[in-house]
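Take a look at this assembly chain by chain. The paragraphs below go through its contacts.

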Amino acid sequence: MDHSASHASMIEYLKTEILRDPDAEIEPHTPLVSSGLIDSFSLIQVVQELEKITALRIPASKVAPRDLDTVSQMFATAARVGMPR
Amino acid sequence: MPTRTQIARGLLAVLIFGGSLELFARLDDYISYGAPMWGVYNAETLYVRDAIGKRGIPHARFRKWGLNALGYRGPDLIAGRPTVVCFGASETFGQQEREGSEYPRQLEQELNARAGAQAYQVLNAAYAGQTVRTATLRVPEIAAMARPAAALIYGVPASYIEPPPLDAPPVPPGRIEQPRFELRIVDRVRTLLKGMIPSSVQTWLRTREIRADRGAATAVARLPEANIQRYRDDLSKLIAALRQEGITPVLVTHVDAFGETLSDSDRALLTSWRKFYPTLQEEGFLDMERRANDAVRSLGAETGVPVIDLEKAMPTAPANFTDFAHFSDAGAAIVAKTLADGLLPILNRE
Amino acid sequence: MSQVSILYAAAVLVVWMTARVSSSRPFRLWIYLAASWIFYFSLDARFLPLLVLSSVFNYHYGRRIRRRPRVALLWAGALVNVALLGVFKYLPAFQALFPDSPFWQHVRQIALPLGLSFWTFQALSYLFDQYRGDETRPSLGEFCLYMGFAPTVMSGPICRVGDLVPQFRAPFAGSWESVREGAQGVWVGVGMITLARMLAAGHGGFGVADAFALRGPLGTADAWVMLLGYGFQIYFDFAGYSRLVIGVARMFGFQLPENFDRPYLSTSVTSFWQRWHMSLSFWIRDYVFLPLAMSRREVWWRHVSLVISMAVFGLWHSASWLFLLWGVYQGLMLVGHRLWQQLRRGAAPIGPRWLRSAASWLLTFLVIILSWTLFRAEGASHAAGILTAALIPAAGLQLPGGFVLLVLGLVAGYFASQLAVSRIPQRAPGLLSWLPMPARFACYAAIFYLAVFRAAEAQGFIYAQF
């Protein structure tokens with residue numbers, strides 16, 4: 001999956017599964033955690049989805065919410081700390 | 001340069017700020033103590049003046065201080081219960097203690113605790129500024145109202161530094177002179193500043209104030225013997241008046257916050273004492289206390305009146321005083337215990 | 001206001017002026033560090049060495065973790081910090097198990113170093129962040145300042161290295177504008193602390209502490225009024241203190257994390273915990289809840305993790321069953337809210353929107369106010385007594401009328417003022433700036449009067465004990 005496709009599929013997931021609002025406007029740089037759109041509970045689902053899309057394992061002890069604040073940060077974090085399955 | 005409008009706005013802001021503070025002070029008095037919002041509100045509103053002098057208005061209240069039906073601080077007397085009356089001035093009235101911790105009230109608790117029952121009551125017949133002379137004139141009235149068994153006399157030698165002339169005309173009865181208007185915030189700010197300004201600066205300010213007084217120019221280092229003699233004479237008249245009414249007098253020596261040696265803070269405290277009596281220099285106060293207490297002891301021996309030597313019994317620890325001579329709660333507790341020690345054998349003899 | 005507070009204000013001024021005129025960044029850092037350590041020394045001289053030791057240890061340990069990010073190393077470092085908390089904070093509580101042992105008698109005497117829970121949590125987050133590969137690499141001086149930073153050392157807000165250290169490195173950001181903003185924060189903070197002290201002092205010598213000292217059967221009204229009184233006392237006290245601290249730091253150009261965001265207006269427990277003691281709440285989220293919840297995939301485990309995290313939140317305050325219970329209660333309420341949301345998902349809303357908001361707010365408010373029972377009660381039976389009175393209708397009122405009026409008046413006044421502020425369009429930043437000048441200065445006078453003339457009667461700060 002290429003860069004923009006993975007971003008798009010994450011944004012789609014956030015809209016339908018987390019925010020449950022298909023009309024929500026999410027860009028790759030929209031703050032999600034710090035703005036309160038995603039709470040800590042949903043964040044765990046997001047990480048699981050991130051693992052699915054990237055096919056990487058993301059160790060729990062290596063991520064902080066601030067590393068996952070935007071969609072583009074999520075993928076950057078996954079690239080930094082993710083381990084091949 | 002600020003424009004005229006800016007200056008006007010600034011002044012208005014200051015005025016509103018200050019005015020609001022005064023309003024809140026009055027509101028605070030009203031909510032906390034049920035004080036009137038308007039008019040003068042100070043400790044003097046507790047009193048009127050009769051033919052003898054200041055007299056408490058029955059059931060009057062100021063802040064936490066409340067007077068009883070007789071116009072004296074404390075609860076109403078219970079008919080038939082043996083009564084001890086306390087004569088004195090502000091130290092006895094209890095200026096600084098929490099309500100109920102002034103020494104006459106603690107003495108009552110102490111006496112009853114030792115008796116194991118509500119056996120005694122104490123009438124606090126003191127007010128700030130009462131002298132031995134005015135106390136003497138009150139004796140027949142108090143005897144008729146309260147029938148006390150004994151009277152504790154806690155005289156204040158300092159009131160004999162500048163005693164009123166013997167031939168002073170009596171002040172006509174009526175209301176006590178009060179200013180037309182007073183800012184209630186001023187008193188609060190003064191208390192606040194006392195806590196904030198370093199004591200050295202306060203002492204310096206007091207020294208200036210003392211120097212500005214006319215009497216300070218002719219201030220003496222030692223209180224003349226005549227003043228001590230007058231204190232002694234007035235005490236003996238009070239004793240005679242009490243005995244005539246069948247009340248057992250008990251003399252108490254006066255105690256102050258100063259020990260044998262003076263520290264710097266003691267000196268500052270002496271200056272704050274002198275502020276009330278500028279005509280005696282600071283070094284004269286301790287000498288005055290010593291001589292006056294000697295006079296009390298010799299008078300006791302001469303007339304057969306028991307003397308409770310509070311001066312010897314009371315530690316001069318700073319925790320016992322809030323200033324040069326007024327007691328803290330803890331200090332008043334020691335006074336009460338000492339007085340109870342001395343008083344109980346006398347009461348038991350009666 | 002005392003001579004001591006004037007001394008502190010003067011010290012703030014001197015440090016500010018020095019920092020302003022000095023162009024050297026290291027010099028400013030050392031000035032801040034010296035001032036912070038002197039400040040800590042002035043408050044709790046005995047434990048300054050402990051603060052310094054912990055700072056130096058954690059700094060070097062964090063560097064090690066960064067070089068070799070091993071889980072075992074991280075846990076060992078965390079354990080040292082937890083052990084420090086354990087000795088000073090939790091060990092004394094165990095004395096109750098060994099009432100006759102002379103050794104435990106001594107243990108009970110161990111004093112709590114000022115702010116230990118706050119700065120130890122800052123040290124822990126540094127170790128975790130270094131393990132995660134956080135970009136911020138403080139110098140020893142910067143790290144010591146981060147640990148002992150005068151505004152936050154006593155009672156937070158709990159900061160992160162990544163937030164604070166870059167600000168230490170930036171040029172001096174104290175301007176007249178920041179001083180104005182900071183002073184306003186201090187002013188509002190003092191006002192809130194004053195309200196807390198009014199609740200503590202109460203009316204006619206009867207305050208919140210006296211209410212909790214009542215014994216014998218309480219009426220339902222008694223229980224709710226005393227819980228309201230305590231709930232608002234602790235809010236005004238801690239939120240006001242946080243405001244003050246953030247304001248002082250703002251004067252120097254620092255931006256500290258917010259700690260409270262009008263929590264009593266929350267319409268869900270979840271939202272409450274994003275708005276109450278936020279710096280600790282986010283700490284728990286980042287370093288306890290998320291790692292724990294992500295360690296298993298199942299949904300039920302997330303719920304369990306939430307309860308465990310809130311239990312840790314409770315135990316952070318003190319080692320007692322009541323604080324543990326308080327945390328578990330909060331965790332269960334959070335899970336309950338979660339499940340309710342899932343249940344209602346897709347269902348048609350009941351009633352008009354305003355009614356739903358009002359009902360959610362009221363329920364949240366009651367759930368939170370009720371929880372203060374466990375936070376404040378002096379023992380299990382005391383807590384049970386208050387809870388019974390609060391939940392099972394009982395007539396009678398033991399509390400004096402003046403105290404009841406004071407509590408209800410302050411609470412009503414608080415909500416009325418929040419409502420008024422939300423209705424009035426904000427023309428300029430600042431809490432009171434929307435008022436016309438005369439009303440504004442009357443408000444300033446009110447705060448000044450209460451703070452200076454009334455607050456002196458009451459006792460100290462609740463969170464200083466944690």
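Of the two pairs of chains in contact, which chains share the most contacts? Chains B and C do. Two residues count as in contact if their C-beta atoms, placed from the backbone, lie within 7 Å.

The model is predicted: local features need pLDDT of at least 70, side-chain atom pairs count only at pLDDT 80 or more, and totals for chains, interfaces and linings use all residues. Residues are numbered from 1 along each chain as its sequence is written, while chains are lettered from A and ligands numbered from 1 in the order in which they are written.

Start with chains B and C. Here 15 residues of chain C meet 11 residues of chain B. On the chain C side, helix H1 (3-21) and helix H20 (437-454) each supply at least two residues. Helices (H or I, at least four residues) are DSSP runs, numbered from the N terminus. H20(C) gives the most, with 11 residues. By type, this side of chain C holds 13 nonpolar residues, two polar and no charged. Nonpolar means Ala, Val, Leu, Ile, Met, Phe, Trp, Tyr, Cys and Pro; charged means Asp, Glu, Lys and Arg; the others, Gly among them, are polar.

Now turn to chains A and C. Their contact takes 15 residues from chain C and 12 residues from chain A. Two elements of chain C give two or more residues to this side: helix H6 (116-132) and helix H14 (278-293). The largest share, six residues, comes from H14(C). This side of chain C divides into seven nonpolar, two polar and six charged residues.

One pair remains. Chain A and chain B do not touch. Their nearest C-alpha atoms are 40 Å apart.
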